[in-house]
Amino acid sequence: MTAWEVFLQQLFNGLLVGSFYGLVAIGYSMVYGIIKLLNFAHADIYMSGAFCGLVLLGFLTPYIGNAWLGIVVSLLISMVAVGLLGVLIQRVAYRPMLKAPRLSILITALAVSMILYNTVMIITQGQYKPFTTGLVHESFYIGALRMTETRLVLLIAALALMLMLHLFITRTMYGKAMRAISLDRDTCQLMGINVYQIVAITFFVGSALAAAAGIMAGVYYGTVHFFMGFLIGLKAFTAAVIGGIGIIPGAMLGGLLLGLLEAFGTQIPFIGSQWRDVFSFVFLILFLIFKPNGLLGRIESERM
Amino acid sequence: MAETKQKAKTINPFGLAIEKLYDFFDNKTPRYIFMIAMTAFLIYLPLSSSRFTQEIMTNVFFYIVVCLGLNIIVGFAGLLHLGYAAFFAVGAYTTGILSSVYGVSFWLTLPVSIVAAVIAGLAIGAPTLRLRGDYLAIVTLGFGEIIRLTVRNLSITGGAMGLIGIQRPVLFGMVLNQIVHFYYMFFILAIIAIFISYRLHDSRLGRAWQYIREDEDAASAMGINVVSTRLYAFIIGSAFGALAGSVYAAKMTAISPESFMFIHSVMILLAVVLGGMGKIPGVILGAVIVTLFPELSRDIGQYRLIIFAVVLLLLMLYRPQGIWPERQGISSKL
């Protein structure tokens, strides 16, 4: 392959993986913006989404017959189901802790995360599960870029979801309420906004997007695993920090950027792909040192 | 809400018994008598017990050391640390590499491993603690995974196979290679850790940690440098972990990346939270429970972690101050 082909290929890979990071990062960022919580369980919600999708696919595809239609239907049902799971977690584990010291709510988040992945681990007995979709991976060329239909659709779908979320946040009443709550929760309550309802909606949307990312990652990589959320959770957090945590366009931008950084970073001869995960962590630390507010972040004095 | 919980706690007979016990140990005389009796018993124990008991008790002491180390970070300073096993790995691998590759004496590796932990702690803590305290949680979580990947990828750490042939410590010409030697070694280490914890708790630095934990803004207004004070907690706690890791490496003589998984960090955290963050006897109790529980109930196997996670969740929801909480501080705020 020529350098140009490698460049195009890595550009596409970076954007695709980056859009998964972005979708998960949005959930971190939204929850952080609204209740200032680092939701550790978010990565496991992503994983739950992938498994929920896998189970549904197994049931639905034989009835529906069409592979793509099956994926779309399972994706939508999983998004709703996992969104509700997110709301449930929020209600049981986080809402009672909102007034407690920060350490307590971080520990509950950790506990929820462990409950989720251990449950899936026991059900799947810790095995990698093939994510069978029935899709045919035929490759074709767009210019110098080798491409499959699946990957193209995945990238478009991820970007479409991000666009829909952006419209939801900027154009609807609920989006406006979310933005208001992230600025000042107490005042919002006084203004008659049902804060708990908006927080629940935030969890629903964030979890649904994570579920979508989980299923899309399942389709892309072809296998799912109970621990698949761990690293992507970390990277999504990095993406959220890169873009400026709490800022939703920042999370999308950060995700795409991190995907590209990884794709091109692992091409540097000295850094092989086995260092990919270390590489993105180094980026997290560098960003925390030099640009802690992220690319789109406002400068503000932080109060605990 | 807070009032009703307070009431529920006073009529809870279990809670009441714990409070009584707590009051009892608040007095100096019974506490010292108990401590002397316990020390004497633990010194005597290996002389009349099986290897199995010695092994378990060594494990208990080891856990007490690491839990007290984590307690400095989580309990005293109120920072969530999710990659404690990584610092433990830093110590273990420092000792492991120096003694198996370069043939350095075990005792000389101890200061080196503390220095390594301090450097790692600074690299992670300094950029993170300038920001919100919560960032530390996820950065340490990442660091835990990164250390595991790094030792797996490097050749000097033996890769995924791990490091073998770590030399046993030699003391006055005697090679320490029996389990009973390590029993006493970890016992002494645990006593040192308990002593240092108490001294730190009552020191100026210790009071500054508690102040920051209770009210960061007020502490800052009183002239406490929040960032550097937290960084001290993080580094001192990390050094504890590294030291325990070094001795662990010498005990096992072989270490692999899988000895330092995320789950170990969680177990240590669970012990600290279970016993009562910040309270030294509570943390010791937590360490004992977490170590002994799996030994007593091996058959629950795979459900163990779920049970632990549920316990952690319920503790946070219903008894956030732990089994044996600190009298003031965390408990009064909740």
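This is a predicted model: local features need pLDDT of at least 70, side-chain atom pairs count only at pLDDT 80 or more; totals for chains, interfaces and linings use all residues.

Biologist: Which stretches of chain B have a pLDDT below 50?

Modeller: Residues 1-11 of chain B are below 50, and this stretch has two contacts in the model beyond near neighbours in sequence. Residues 328-334 of chain B are also below 50, with 15 such contacts. Two residues are in contact if their C-beta atoms, placed from the backbone, lie within 7 Å. The mean pLDDT of chain B is 79, and 84% of its residues reach 70 or more.

Biologist: What is the confidence in chain A, and what are the scores of the model?

Modeller: Chain A averages a pLDDT of 85, and 96% of its residues score at least 70. Within chain A, strand E2 (residues 139-142) has the lowest mean, 75, and H8(A) the highest, 91. The model scores ipTM 0.78 and pTM 0.83.

Biologist: What makes chain A as compact as a globular protein of its length?

Modeller: Chain A has 11 helices and four strands. Its radius of gyration is 19 Å, close to the 19 Å that the globule rule gives for 304 residues, so chain A is as compact as a globular protein of that length. The radius is taken over C-alpha atoms, and the rule is 2.2 Å times the number of residues to the power 0.38. The C-alpha atoms of chain A fill a box of roughly 60 × 50 × 40 Å along the principal axes. Among contacts in chain A with a separation of 6 or more, 77% are between residues 24 or more positions apart.

Biologist: Why are H5(A) and H8(A) called roughly antiparallel?

Modeller: Helix H5 (residues 149-171) and helix H8 (residues 195-221) of chain A pack at an angle of about 175°, with their axes 10 Å apart. Axes are lines fitted to C-alpha atoms, for helices over the stretch in contact, and angles run from 0 to 180 degrees between N-to-C directions. Angles under 35 degrees count as roughly parallel, over 145 as roughly antiparallel, 65 to 115 as roughly perpendicular and the rest as oblique. H5(A) and H8(A) are therefore roughly antiparallel to each other. The contact includes A:Leu154 and A:Leu161 of H5(A), and A:Leu209 and A:Met216 of H8(A). Its residues divide into 11 nonpolar, one polar and no charged. Here Ala, Val, Leu, Ile, Met, Phe, Trp, Tyr, Cys and Pro count as nonpolar, Asp, Glu, Lys and Arg as charged, and the others, Gly among them, as polar.

Biologist: How do you know that A:Gly33 is buried?

Modeller: A residue is buried if 20 or more other C-beta atoms lie within 10 Å of its own, exposed if 12 or fewer, and partly exposed in between, with C-beta atoms placed from the backbone. A:Gly33 has 21 such neighbours and therefore counts as buried. A:Gly33 lies in helix H1 of chain A and touches A:Ser182 and A:Gly246, not counting residues up to four places away in sequence. Buried residues make up 49% of the 304 residues of chain A and 47% of the 334 residues in chain B.

Biologist: Why are A:Lys36 and A:Val282 called partly exposed?

Modeller: A:Lys36 is partly exposed because 19 other C-beta atoms lie within 10 Å. A:Val282, with 15 C-beta neighbours inside 10 Å, is therefore partly exposed too. A:Lys36 is found in the loop between helix H1 (3-35) and helix H2 (42-64) of chain A, whereas A:Val282 is in helix H11 of chain A.

Biologist: Which helix gives the most to the side of chain A that touches chain B?

Modeller: H4(A) gives the most, with 14 residues. In total, 34 residues of chain A are in contact with 35 residues of chain B. The residues on the chain A side divide into 26 nonpolar, five polar and three charged.

Technical notes
Residues are numbered from 1 along each chain as its sequence is written. Chains are lettered from A and ligands numbered from 1 in the order in which they are written. Helices (H or I, at least four residues) and strands (E, at least two) are DSSP runs, numbered from the N terminus. pLDDT is the predictor's confidence in each residue, from 0 to 100.
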